[in-house]
Amino acid sequence: MKKLALTLIKFYQRHLSLINIGIDICKYEPSCSVYTYQAIEKYGVTKGCIKGLWRIIRCNPFSKGGYDPV
Amino acid sequence: MGTLWNLIIYNPILNILVSLYQLTSNLGISIIVFTVLVRVAMIPVMAPAMKMRKKQQELKPKLDKIKEKYKDDKMKLAEKQMDLMKQNGVNPSAGCLTSIIMIVVMIAVYRAVSSLTNGIALEEINNRIYLDTFKFTDNYSINKNFLYLDLSKPDPYYVVTGIAVIVQFLTGMMMLPYVEEEEKKAEKTPSEMDDMAASIQKQNIFMTPIMFLIFGMTLPSGVMIYIVVSTLAQLAQSYHYTGWGGLTPWIKRLKFGNVKS
């Protein structure tokens with residue numbers, strides 16, 4: 001399950017992410033996908049996904065962005 | 001979840017498309033106008049990210065310097081990077097949530113276009129239309145002819161498909177950053193990470209047109225017209241913010257050829 005989640009994120013990063021065409025849309029460092037990847041590695045699928053989801057919700061026009069590690 | 005999706009996203013979008021059709025009674029024209037409208041509505045979201053891309057390319061030497069200086073203090077690094085962006089008048093991008101919402105809207109747009117071309121029961125569409133004047137009457141059949149096309153079937157002559165493939169390829173090329181020949185030589189060996197990102201980017205330039213070719217052979221041509229107009233809009237947007245990009249050498253060659261003759 002954990003492996004599947006991590007593979008899916010890797011697939012997104014390689015083939016779907018807008019960063020591939022040079023558009024960097026994330027306000028945070030590390031970016032939302034890297035953050036979620038690390039969170040799943042650290043806390044497991046359930047808690048990691050929740051943490052990742054919360055991060056994506058925070059990544060909106062009204063937040064400040066910046067450095068925000070797992 | 002399904003009802004929420006219909007209520008907030010799908011129904012409003014379908015209403016706009018059906019209203020356009022009822023006003024023009026030409027499905028092809030309504031799809032084109034509709035796509036342009038959607039793209040215009042998305043400009044405020046896309047513009048900051050596109051501007052940022054251009055600035056990032058310009059500021060790359062400065063950014064590299066900062067990276068070198070604050071290698072060990074990531075907190076400080078992110079802060080300094082933002083300061084540099086702000087000083088140069090770049091607004092931070094709209095963020096990941098906004099782009100996810102945009103993708104969801106694009107799925108709804110796609111579904112609205114394909115539901116009109118795929119010959120879904122008109123009653124089902126009628127149920128979603130807010131204004132009675134825009135509802136379809138009984139026994140009505142949507143006029144699906146546009147130029148030589150039957151919008152509910154794939155393009156038999158592959159003209160629309162061909163245009164989609166070419167336009168998508170050109171857009172992909174434009175998205176690549178343009179590096180002057182001399183600069184290329186002078187540049188130090190890029191880090192492994194940069195190299196990988198660049199190779200994936202190059203790979204995508206060929207992947208997406210191939211995908212469009214397959215779409216063109218299977219999807220209704222109405223949907224393909226939507227894809228073509230949408231890609232054209234992206235191309236125009238990309239030209240406006242970052243110029244010809246990776247296409248620059250080709251454009252130069254074209255002009256040079258003219259001068260020579």
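Predicted model: local features only at pLDDT ≥ 70, side-chain atom pairs only at ≥ 80, totals over all residues.
**Stop 1: Asn26(B).** Select Asn26(B). The residue sits in the loop between helix 1 (2–24) and helix 2 (27–58) of chain B. Is Asn26(B) buried or exposed? Asn26(B) is buried, at a relative accessible area of 18%. Now show its surroundings. Leaving out residues up to four places away in sequence, Asn26(B) touches Tyr21(B), Asn145(B) and Phe146(B).

**Stop 2: the cap.** A side-chain oxygen of Asn26(B) lies 3.0 Å from the backbone nitrogen of Gly28(B).

**Stop 3: along helix 2.** Select residues 27–58 of chain B, which make up helix 2. This helix has 32 residues. From first C-alpha to last, helix 2 of chain B reaches 44 Å, close to the 46 Å expected at 1.5 Å a residue. Where does helix 2 of chain B bend? Centre on Ile43(B), where the bend is about 50°. A proline, Pro44(B), follows within four residues.

**Stop 4: the cysteines.** Show the cysteine sulfurs. How many disulfides are there over all chains? A search of the whole structure finds zero.

Start with Cys26(A), which is buried at 9% relative accessibility. Its closest cysteine sulfur is in Cys96(B), 3.5 Å away.

Move on to Cys49(A), which is partly exposed, with a relative accessible area of 35%. The closest cysteine sulfur to that of Cys49(A) belongs to Cys32(A), at 13 Å, again too far for a bond.

Conventions
Residues numbered from 1 in each chain as written. Chains lettered and ligands numbered in written order. Heavy atoms only, no water. Helix = DSSP H or I, 4+ residues; strand = E, 2+ residues; numbered from the N terminus. Buried < 20%, exposed > 50% of the residue type's maximum accessible area, 1.4 Å probe, protein only. Contact = heavy atoms within 4.5 Å. Expected span 1.5 Å × (residues − 1). Bend = angle between axes of the 7 residues up to and from the residue. Polar contact = N/O pair within 3.5 Å; in protein donor to acceptor, adjacent residues only side chain to side chain. Disulfide = S-S within 2.5 Å.
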